[in-house]
Amino acid sequence: MASRQRIIAAALGGGLFLLFGAGASAQDAGNYPNKPVMMIVPFAPGGASDFVARIIQPGVSQILGQQIVVDNRPSAAGIVGTEVAARAAPDGYTTFLGNIGTLSINPGVYSTMRIKPDKDLIPVSICADTPSVLITRLDFPANTVGELIAYVKANQGKVTFATPGSSTLNRLEMEVFKKDAGLDMVHVPYKGGAGPAVLGVFGGHVDLMFTTMPSAMEFVKDKKVKALAVTTKERMVDLPDIPTMYELGWKNLVTSSWQGVLVPTGTPRPIVDKLHAAIVKVLAEPEIQARMRRSGVIAVSSKSPEDFKAYMDAETAKWTKVIEEGGVRAD
C-alpha cells in the first residue's frame, strides 16, 4: 500500500478539479453537514463493503456531528447502487462506498453502463485493502498451491472454481492464475456476493475459489475449508502459517478488493476535503485498525482525493487489460 501512497497525482489535479463544484467557499464547508449523510453501499449487508462502511460509520458521524446512514442497494453487480449515488444531488449528503468491482471492473465488463465511475463520481479516500485467499473444499486432494496445480493439470477441464460473478476481482484473480499456470477449469458463478460462493466450496459443491478474506476468515480459522495462500505481498499477521501467492512465485497475484468513499461529481471541494479529513482520522485510530485486521481487512487511506483518483485509474487500466485478454463477459 505504501506505493499507492506515493502515487504522484499532480498531473491529474487540474482534471480532477473540474469535477468539483465551482464557487464553493470555506463557509460552505463550515455549514456542512446540517442533516444526516447517506452512505450508499451497492451490496447486501454482511459483505466486505458493508463491513467497511459500518466500521467507519460511528467515527465519521461523531467527527461530522451528523449521523452517517448506511443504505444498502444490492443488485446487478453493484451497478444499481452506483447509479443511484452518481445521480444524487452533489451537495455532500450522498456518499458512496464503492469497491474495485463497482469502480474499476464493471466498466470493462458491462459496456452498456449508463454512468461512468471515473466521470460521474469524485474519489474522496480509499478506506480498506481487502486481500483474497485461495480456498478449497476440505476433501480436495491438494494441500499446497503446487499440489493444486499438479492436480488440475492432470484433470484439465474437470476442476470447478466458484466466483461471485464475472465482474468481481475473485473472477479476474482466477483468470490471471489460470493463464500464468496453464490451467483449464470450469467457472461456476454464484449470485448474491461472496457468501453464497464460499458456502458452495464449504459444502463441497465446488472445488475451490479466490475469495475476499472477510468472507472466508471464520471458515479458515475453524478449518472448515483449506486455505492454500493469500494475495498479500507479505504474510498476514493473523494468519502467519498461510503463504502468499507472491512468495510462491506468482508475482501477478498481489491483489486486493479495495474499498473507498466517493461523492457525486459537482460536490464542492471544501465538502470533499471535510469528508476526506474525517475518514482519514477514523482510519488512523488503532482500535479501528485492529478490528479491521481481525476480519482480514487492512485499514488504509489516501493522502488526497487526487491520490485516490490516480490509484483508481491505474487499477481500472490494469483490470481492463485482464478482462480483454481473458474474454470475460457478464454472466
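The structure is a predicted model, in which local features need pLDDT of at least 70 and side-chain atom pairs count only at pLDDT 80 or more, while totals for chains, interfaces and linings use all residues. Residues are numbered from 1 along each chain as its sequence is written, and side-chain values use heavy atoms, with hydrogens and water left out.

A cis peptide bond links Tyr32 to Pro33, with omega near -10 degrees. Pro33 lies in the loop that runs between helix H3 (26-30) and strand S1 (37-41); helices (H or I, at least four residues) and strands (E, at least two) are DSSP runs, numbered from the N terminus.

Positive phi values occur at two residues that are not glycine, Ala77 and Lys223. For Ala77, phi is about 60 degrees, and the residue sits in the loop between strand S2 (68-72) and helix H5 (79-86). Ala77 is partly exposed, at 29% relative accessibility; buried denotes under 20% relative accessible area, exposed over 50%, and partly exposed the range in between (1.4 Å probe, protein chains only). For Lys223, phi is near 55 degrees. Lys223 belongs to the loop between helix H11 (213-221) and strand S9 (226-230) and is exposed, with a relative accessible area of 63%.

Met292 is part of helix H13 (residues 286-294) and is buried, at 0% relative accessibility. Beyond its neighbours within four places in sequence, Met292 is in contact (heavy atoms within 4.5 Å) with Phe51, Ile55, Cys127, Ala128, Leu283, Val297, Ile298 and Ala299. The C-alpha atoms of Met292 and Glu175 are 28 Å apart in space, and the two residues are 117 residues apart in sequence.
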